[in-house]
Amino acid sequence: MTEVKAPRRRTNTRARLLAAAVDVFVERGARRVTVDDLVSAAGYTRGAFYSNFGSVEEVLLEAFKEESERLIEAVRTAVAEHSDADSSGSLIRAAFDAVGPMQDRWYVLQSEVVLQSLRDPDAREISSATFTALSEQLVEVVELALDRLDCTSTMPTDLLAQTMMGVFLHSLTMRTIRPDDPRADRLLDDALPQILDGVSIPRTSA
């Protein structure tokens with residue numbers, strides 16, 4: 001029994017540390033966060049921290065990975081379950097409505113990981129692998145959206161996925177800097193559907 005419970009306790013400890021870390025990173029910025037900040041927010045000791053992580057930077061990357069997977073899964077579920085799959089605009093709006101509650105936190109973590117990669121070549125190598133894995137998941141979601149629309153892309157799906165992500169990131173940047181600028185919403189409501197429609201053809205025409 002002991003051999004079964006110990007790993008479970010460690011998994012729970014790791015999960016609680018990561019969950020608390022997201023709020024700390026968002027509030028303080030990664031460069032100002034210490035191990036003491038993280039363990040205090042999670043209610044653990046430094047020993048518990050170092051039995052799960054080697055550094056604050058490792059926690060940042062893992063927190064970003066988990067938040068990204070959660071965001072992508074929310075989009076995947078919204079696309080799969082959306083009833084009006086005849087309209088690309090309706091499908092895209094449903095997807096972004098699903099990630100609305102988490103997108104700001106994710107955007108801050110993403111920005112912190114990018115900054116860390118710029119400053120630290122070792123961190124860049126590690127984060128590159130994470131971004132690659134997340135990009136592959138994003139491609140799967142775009143392929144699912146195309147299936148729901150009964151379309152195929154005239155450009156490589158991975159390039160389409162990265163284009164759509166780029167537009168999404170820019171909309172978040174605009175919303176952060178200019179919260180009242182309507183162009184941020186137009187990128188999602190108008191630009192993305194036009195991009196998707198412009199590079200898609202019905203499967204019967206493919």
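Me: Which residues does UniProt list for "DNA-binding region", and what is the make-up of that span in helix and strand?

Reply: An unreviewed UniProt entry lists residues 34–53 under "DNA-binding region", and such an annotation may be inferred rather than shown by experiment. In this structure, which is a predicted model, the span is 65% helix and 0% strand, with its end C-alpha atoms 13 Å apart.

Me: What makes residues of domain 1 and domain 2 count as being in contact, and how many do so on each side?

Reply: Contact requires heavy atoms within 4.5 Å, and by that test ten residues of domain 1 are in contact with ten residues of domain 2. Together the two domains bury about 910 Å² between them, and 70% of this area is on carbon and sulfur atoms. Of the area that domain 1 buries against domain 2, Leu18, Val22 and Phe25 supply 49%, which is more than any other three residues do.

Me: Why is the pair of Asp23 and Arg105 called a salt bridge?

Reply: The name requires a side-chain nitrogen of Lys or Arg within 4 Å of a carboxyl oxygen of Asp or Glu. In this pair the closest N and O atoms are 2.5 Å apart, so the pair of Asp23 and Arg105 meets the cut-off. Between domain 1 and domain 2 the count is one salt bridge, and on the side of domain 1 that touches domain 2 there are six nonpolar, one polar and three charged residues.

Me: How many salt bridges does this rule give, and what does the pair of Asp23 and Arg105 tie together?

Reply: By this rule the count comes to 14 salt bridges. Asp23 lies in helix α1 (residues 2–28) and Arg105 lies in helix α5 (residues 88–119), so this pair ties together parts that are 82 residues apart in sequence.

Me: How many helices and strands are there in the protein chain?

Reply: The protein chain has eight helices and two strands, which follow the pattern α-α-α-α-α-α-β-α-α-β when read along the sequence.

How values were computed: Residues numbered from 1 in each chain as written. Predicted model: local features only at pLDDT ≥ 70, side-chain atom pairs only at ≥ 80, totals over all residues. Heavy atoms only, no water. Buried area = accessible area lost by both parts, 1.4 Å probe. Nonpolar A, V, L, I, M, F, W, Y, C, P; charged D, E, K, R; others polar. Helix = DSSP H or I, 4+ residues; strand = E, 2+ residues; numbered from the N terminus.
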